[in-house]
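Please open the model in your viewer and keep the sequence panel beside it. The stops below are meant to be selected one after another.

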Amino acid sequence: MSRKQITGIGPAPRTGADDSGCPILHVDMDAFFASVELLERPELRGRPVIVGSPAGRGVVLSATYEARAYGVHSAMPMSRARRLCPQAVIIPPSHGKYSEVSKGVMEIFHTITPLVEPIASDEAFLDVGGARRRLGPPAAVAALIKEQVLDRYGITCSVGVAASKFVAKLASKQCKPDGLLVVPADEVVSFLHPLPVSALWGVGERTEQSLVRLGIRTVGDLARVPQGTLQRELGQAVGGHLAALAWGRDERPVTAHVPDKSIGNEETFAADVDDPDVIRRELLRLSERVAARMRKGGHVGRTVSVKLRRADFTTISRSRTLREPTDVAQVIYATACELFQAAGLERVRLRLVGVRMENLRPAQEATRQLGLGERETGWREAEQAMDKAIRRFGPDAVVPASLVRGKLDEIET
């Protein structure tokens, strides 16, 4: 099956591809953060542009396709990106702009179908099976989405159309940028099998190395290996999972309104840090941000997790489950400090720290019981008052006295 037989690019997709059994769309914005920045700086179009910190050691948040031609990609250390493409224009991130455009794009999706499953700020799955009578077949719906996003926001997206989420996501990646790719249900195998085995969900670097040692380099190679052999080599769960994907089997439905499973923030330091006081101040800043995001989203959580990445990129994670759920920064911070101390890294050079809350639940479902003689600390009320001040006067209106704000690259996860 050639790509010409299954693809339609732009607002008028070819009608030759059979999309009758393909209700699932994966819509992925093209170089999203960079594309939003170029709306305000059109003179940079056609040039390599990287969104990330102009100084320090953060990571690439987005890169135009001109920069990607030099090997630059998201999550790459900025230092390496600058070496690969020294002529690139580097733009500091503006998360507020990206959130605004993301919200608008998701609203477009919801005018198409209620079955929208966002998986990031710039991509989502849609089940458009119920929109056929109103809007036409899936390929036409995909073209409509592309047209509306371009007309309203001036940015492009790529859309994969398939019978399953897994294949739709692969299809959108295959047709980037600004593409529309339909993989007919009866041609899934011929689409999948020539792809490298790394295209399968769950195949990371180590798994790929294990498969290559077995002579498995493509999805087709893997499909021809008995499932029992894969399970012996990779484990029951992974082996079974990959065996199913190699034949295009993915029964997961598009699920709307997926609740947050966790909320976290990470910081990459401009230089390695081995001062425990600096680390603790950063843990406080991260705890404040995580708690504020939880309160804004109406969540509380029971499990506090910290991530500590050493200068050699070794990453250590520690977590603790609290007696009761919380959205109070001081509680999160105190637990994070205890986890940091227990990790035994107080004089070890660190390049990154992170704080995350897990085991989330709606705040209205959580009740707090005071023990005999126990008094309320008042921290929650104080932090809610801080939230109000920040909403009115900006993010720097109120900060803890001990908190020193550094110019660090932040990644919200």
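This is a predicted model: local features need pLDDT of at least 70, side-chain atom pairs count only at pLDDT 80 or more; totals for chains, interfaces and linings use all residues.

Residues are numbered from 1 along each chain as its sequence is written, and side-chain values use heavy atoms, with hydrogens and water left out.

Begin by selecting strand S1, residues 24-29; helices (H or I, at least four residues) and strands (E, at least two) are DSSP runs numbered from the N terminus. Six of the six residues of S1 are buried, so the strand is largely enclosed by the rest of the structure, where buried means under 20% relative accessible area, exposed over 50% and partly exposed in between (1.4 Å probe, protein chains only). Ile-24, His-26 and Asp-28 point one way from S1, whereas Leu-25, Val-27 and Met-29 point the other way.

Strand S6 (residues 123-127) runs antiparallel to S1 and is joined to it by five bridges, with His-26 opposite Phe-125. Strand S7 (residues 157-162) is also antiparallel to S1, over six bridges, and Ser-158 in S7 is the bridge partner of Asp-28.

Now select Asp-28 and Asp-122, which the unreviewed UniProt entry annotates as "binding site"; the positions are given in the numbering used here, feature names are shortened, and annotations may be inferred rather than shown by experiment. They are spread over 95 residues of sequence, yet the largest C-alpha distance is 6.0 Å. Asp-28 counts as buried at 13% relative accessibility, whereas Asp-122, at 22%, counts as partly exposed and is found in the loop between strand S5 (116-120) and S6. The contacts of Asp-28 (heavy atoms within 4.5 Å) include Asp-122, Ser-172 and Lys-176.

Phe-109 touches Val-27, Leu-126 and Ile-145, among others.

Finally, display the open sheet of three strands with the order S3-S2-S4 and mixed pairing. Strand S2 (residues 49-51) runs parallel to S4 over three bridges, and Ile-90 in S4 is the bridge partner of Ile-50.

Methods
Two strands pair if DSSP finds at least two bridges between them. Lists of a residue's contacts leave out its neighbours within four places in sequence.
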